[in-house]
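Biologist: Could you take me through this model, starting with how its chains are built and ending with how they meet?

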Amino acid sequence: MDIPYTSAPRPDTGLYNAKVGIWLFLASEVMLFGALFSSYILLRVSMPEGYWPHGWLNIPIGTANTIVLITSSITTVMAWAACKMNQYGRFKFFHACTILLALTFVCIKSYEYHDKFTHYSIKLANGKMADGHLIHKSPDFNVATKTGEIEIHGHEVDFKGKQGAELETELKKIYDLRSPEGTAAHKESKELKYAASEITAAETYGPWHHTYLAIYFTLTGLHALHVIGGAIVIGFLWGPGSRMWRRDHERFTNRIEVSGLFWHFVDLVWIFLFPVLYLL
Amino acid sequence: METHQTTGTAAVAAPVHDEHFQEHIRRYLYVFYALIFGTVITVLASYIPFGGHRSLNIAVALVIASGKAFLVCGYFMHLISERKMIYGILAFTAFFFVGLMFLTLWSFGDPPSFLTTH
């Protein structure tokens, strides 16, 4: 039995069925990401003043990734336009670009994740805190058993006995890297080496480290899964799925439109994620 | 261009002319340039101090992001000229989305001030 209205529009809705389907799916996606954005707002405004990070993510890298995703949106719409104009070569070219741009986005995101998983926050026995990126860790490094040593490129801060403006300055060295204090501390970063016996606690900038990182990894991780999922679908339509071009051109064009709508939604989510997580 | 009809009564889509689509493509390119420009402006605006009011930076960034979202939805997703049914689906979505955001704001009313002891 044929699936009804795969290419021709249904008389009552004026739309082919897949288009109604994708918009219903996107509506559910809006609620999914909406719930997470809502959680972000709640977490952010509940955080005491000075403890919500600012400048923890690399802005040039984030901007580059935004441009990559916007470019993939135009190549997607161009691929659909090529289908409409019956230009197979152009379709293949633009959708290949979309897939490559999607892979570029995921690679850049992976690099950013790696940066966070090699970034250490270390609480020292003398009451100070050290913060920086891992250079070397001895194979036997273990804070619990007090064995081995760790070397980072970073800076120290000292919260002990500090209050008021003094505490605010120290907090900015960790939490507000775009403030003059944070920028100066970052510029003064140097190689620091600690034996495990000098350390009371150490952890990386994973989702467990800070509420901001928890929501950052949740939002961007879910978004990255959408990018990967979308790239797989677009990859299928570019490769084996493109056989439908000759068999049922209209239906194939509709498939490209539907996958494109999903892809633009992925871009749309990033348009809000970028300023919220990287800039504000 | 050959078109296919999978069920009985539906109309066959009209053939597409290149000249008509070249106009669409030009529009897509303008939208693309506007999105790139919007991204650059968003980044630059985040460096403006606004007298130390971070909330103004947030407002500016969200206004620019909303403008970019309008361009993506309106032109790339063709919402500027879509069927009524899609608008209906999106109206429901917008209603519940706004409700979701307000739930967060309402949570700041808890516990009611007359119940707190300090």
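Modeller: Read from the N terminus on, chain A has its elements in the order α-α-α-β-β-β-α-α-β-β-α-α-α, where helices (H or I, at least four residues) and strands (E, at least two) are DSSP runs numbered from the N terminus. This is a predicted model, in which local features need pLDDT of at least 70 and side-chain atom pairs count only at pLDDT 80 or more, while totals for chains, interfaces and linings use all residues. Residues are numbered from 1 along each chain as its sequence is written, with chains lettered from A and ligands numbered from 1 in the order in which they are written.

Biologist: Why is chain A described as more spread out than a compact globule?

Modeller: The globule rule, 2.2 Å times the number of residues to the power 0.38, is set against a radius of gyration taken over C-alpha atoms. For 280 residues the rule gives 19 Å, and chain A is more spread out because its radius of gyration is well over that, at 24 Å.

Biologist: How far apart do the C-alpha centres of domain 1 and domain 2 of chain A lie?

Modeller: By an automatic or database domain assignment, chain A is divided into domain 1 (17–116 + 210–279) and domain 2 (120–204). Their contact takes seven residues from domain 1 of chain A and seven residues from domain 2 of chain A, contact meaning that two C-beta atoms, placed from the backbone, lie within 7 Å. The C-alpha centres of these two domains of chain A are separated by 36 Å.

Biologist: Which helix of chain B gives the most to the side that touches chain A?

Modeller: The contact between the chains takes 47 residues from chain B and 50 residues from chain A. On the chain B side, helix 1, helix 2 and helix 3 (84–106) each supply at least two residues. The most, 11 residues, is given by helix 1 of chain B.
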